[in-house]
Amino acid sequence: YLGEFLSESLGLEADLKTLHTTVAYWGVDSGSLFAAPNMPVFIHYDGDATFYGTPCLEKPSAFKCCLHTGPQCDPERLEEGVDREAVQRLQRTVDGLFDRGSGSR
């Protein structure tokens with residue numbers, strides 16, 4: 001979207017790609033270190049992938065974690081579904097970073 005907008009509106013060319021990313025929510029005990037407002041935003045770089053997480057204000061008993069990579073996609077024709085490999089990678093990363101064994105929701 002943005003590349004087309006920049007080109008048409010401002011005459012700027014930008015090599016932008018839309019990626020299909022995976023987002024998951026991890027359940028936490030209310031009042032825990034991982035619950036809003038205690039949990040800070042985090043970014044973790046792991047080789048070819050970047051992970052980030054945020055407190056989940058809309059679900060106080062969870063935090064949100066995203067694998068900020070994925071296959072290139074057309075935003076006009078997104079395919080729905082769960083990328084199980086990406087979810088497992090998120091699970092391993094969250095477990096490794098926070099030494100916890102809870103699953104995604």
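The largest pocket of the structure, a predicted model, has a volume of about 220 Å³, where a pocket is an open set of points on a 1 Å grid over the protein atoms alone at which a 1.4 Å probe fits, with protein on both sides within 12 Å along at least five of seven lines, and the volume is the space filled by probe spheres set on the points. Its lining (residues with an atom within 4 Å of a point) is formed by Y1, L2, G3, E4, L16, K17, T18, Q72, C73, D74, P75 and E76, which divide into five nonpolar, three polar and four charged residues, with Pro and Cys counted as nonpolar and Gly as polar.

C65 counts as buried because its relative accessibility is 1%. Beyond its neighbours within four places in sequence, C65 is in contact (heavy atoms within 4.5 Å) with residues including T22, W26, F42, Y52, L90 and V94.

The structure holds zero disulfides, defined as pairs of cysteine sulfur atoms within 2.5 Å. For C65, the nearest cysteine sulfur, that of C66, is 7.3 Å away, whereas the sulfur of C73 is 12 Å from the closest cysteine sulfur, in C66, and therefore too far for a bond.

Residues are numbered from 1 along each chain as its sequence is written, and side-chain values use heavy atoms, with hydrogens and water left out. Local features need pLDDT of at least 70 and side-chain atom pairs count only at pLDDT 80 or more, while totals for chains, interfaces and linings use all residues.

Key: Buried means under 20% relative accessible area, exposed over 50%, partly exposed in between (1.4 Å probe, protein chains only).
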